[in-house]
Amino acid sequence: MVNVLIIGAGSQIPEVLIPLLQEQANLKLTLFGRNATHLPYTDIAKISGDASNLSDLINAMQNQDIVYMNFDNKSVTEMVIRAMSQTGVKRIIQAGVLSVYGEVSEPFATWNSRMMGGTVAHNRGIEALEISDLDYTYMRMTWLYNGKGSDYVASPKGEPFLGVQISRRAIAQFVLDNITGKRNDIKASIGLWEPGSENKPKPDFY
């Protein structure tokens with residue numbers, strides 16, 4: 001049995017991801033968030049707590065194998081890393097943002113920079129993960145929308161970022177693929193976008 005802790009379990013990606021993980025017979029889920037005990041899932045452990053509080057995190061991480069962190073904040077990521085170090089958990093998958101290296105290509109780069117307020121996203125979890133000893137996967141996600149497509153392009157660090165959009169369902173599929181071993185993106189910062197969305201000036205829904 002593989003124990004998976006979801007931090008930030010009340011957000012939109014977990015709404016898609018949790019049912020997919022529940023279908024896996026060898027996974028046991030624990031949901032963590034400010035109001036996790038009120039989430040509408042059955043037969044899952046739920047722990048309400050503050051992800052910026054070390055003792056809350058340590059309590060939630062007992063006997064976990066994999067952490068999925070559904071948001072990107074450097075200071076909170078540093079706290080999560082501390083808790084993982086103290087509990088012996090090594091594997092983390094974090095939902096992050098594009099342009100942490102200024103890797104977004106034109107024509108999308110101009111629009112993305114205007115919307116984000118700069119060409120490089122600072123104070124992100126990847127800055128803490130890359131200097132840690134964890135087996136991390138950082139997802140540099142392009143602009144998200146709710147759709148049924150589950151296909152994704154996975155672009156490693158060092159390659160241009162080309163795609164303008166991706167469905168939350170596809171992000172959930174990437175996470176599932178890493179948790180179940182279909183993929184093994186260890187110590188990796190992966191750009192994620194929808195096939196066919198390359199080289200557009202902006203997402204279709206804008």
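Helices are DSSP runs of H or I with at least four residues, numbered from the N terminus. The legends below describe a predicted model.

**View 1. Thr 77 in helix α3.**
Thr 77 is found in helix α3. Its relative accessible area is 0%, and a residue counts as buried under 20%, so Thr 77 is buried. Leaving out residues up to four places away in sequence, Thr 77 touches Met 69, Gln 94, Gly 125, Ala 128 and Leu 129.

**View 2. Helix α2 against helix α3.**
Helix α3, residues 74-87, packs against helix α2, residues 54-61. The two axes are 9 Å apart, and the angle between the helices is about 45°. Angles of 65 to 115 degrees count as roughly perpendicular, and those under 35 degrees as roughly parallel; α2 and α3 are therefore oblique to each other. The crossing of α2 past α3 is right-handed. On the α2 side, the contact is made by Leu 54, Leu 57, Ile 58 and Met 61. They meet Met 79, Val 80, Arg 82, Ala 83, Met 84, Gln 86 and Thr 87 of α3. Sorted by class, the contact of α2 with α3 has eight nonpolar, two polar and one charged residues.

**View 3. Helix α1 against helix α6.**
Helix α1 covers residues 12-22 and helix α6 covers residues 168-180. Their axes come within 9 Å and cross at roughly 45°, and α1 and α6 are therefore oblique to each other. The crossing in which α1 passes α6 is right-handed. From α1, the residues in the contact are Gln 12, Ile 13, Val 16, Leu 17, Leu 20 and Leu 21. From α6, they are Arg 168, Arg 169, Ile 171, Ala 172, Val 175, Leu 176 and Ile 179. By class, the contact of α1 with α6 has 10 nonpolar residues, one polar and two charged.

**View 4. Ile 179 in helix α6.**
Ile 179 lies in helix α6 and is one of the α6 residues in the contact with α1. With a relative accessible area of 9%, Ile 179 is buried. Not counting residues up to four places away in sequence, Ile 179 touches Val 4, Leu 21, Leu 27, Ile 66 and Ile 93. Among them, Leu 21 belongs to α1 and takes part in the helix contact. Ile 179 and Val 2 are 177 residues apart in sequence, while their C-alpha atoms are 8.9 Å apart in space.

**View 5. Asn 178 in helix α6.**
Asn 178 also has its place in helix α6. The relative accessible area of Asn 178 is 8%, so this residue is buried. The side chain of Asn 178 reaches the backbone nitrogen of Asp 185 at 2.9 Å. Setting aside residues up to four places away in sequence, Asn 178 touches Arg 91, Ile 93, Thr 137, Arg 183, Asn 184 and Asp 185. Ile 93 is also one of the residues that Ile 179 touches.

**View 6. The buried residues of helix α4.**
Helix α4 runs over residues 108-116. Its buried residues are Phe 108, Ala 109, Trp 111, Asn 112 and Ser 113. These buried residues pack against β7, residues 143-145. Gly 117 follows α4, and the phi of Gly 117 is positive, near 85°.

Methods: Residues numbered from 1 in each chain as written. Predicted model: local features only at pLDDT ≥ 70, side-chain atom pairs only at ≥ 80, totals over all residues. Heavy atoms only, no water. Axes fitted to C-alpha atoms, helices over the stretch in contact; angles between N-to-C directions. Helix = DSSP H or I, 4+ residues; strand = E, 2+ residues; numbered from the N terminus. Parallel < 35°, antiparallel > 145°, perpendicular 65-115°, else oblique. Left-handed = near helix turned anticlockwise from the far one by under 90°. Contact = heavy atoms within 4.5 Å. Nonpolar A, V, L, I, M, F, W, Y, C, P; charged D, E, K, R; others polar. Buried < 20%, exposed > 50% of the residue type's maximum accessible area, 1.4 Å probe, protein only. Polar contact = N/O pair within 3.5 Å; in protein donor to acceptor, adjacent residues only side chain to side chain.
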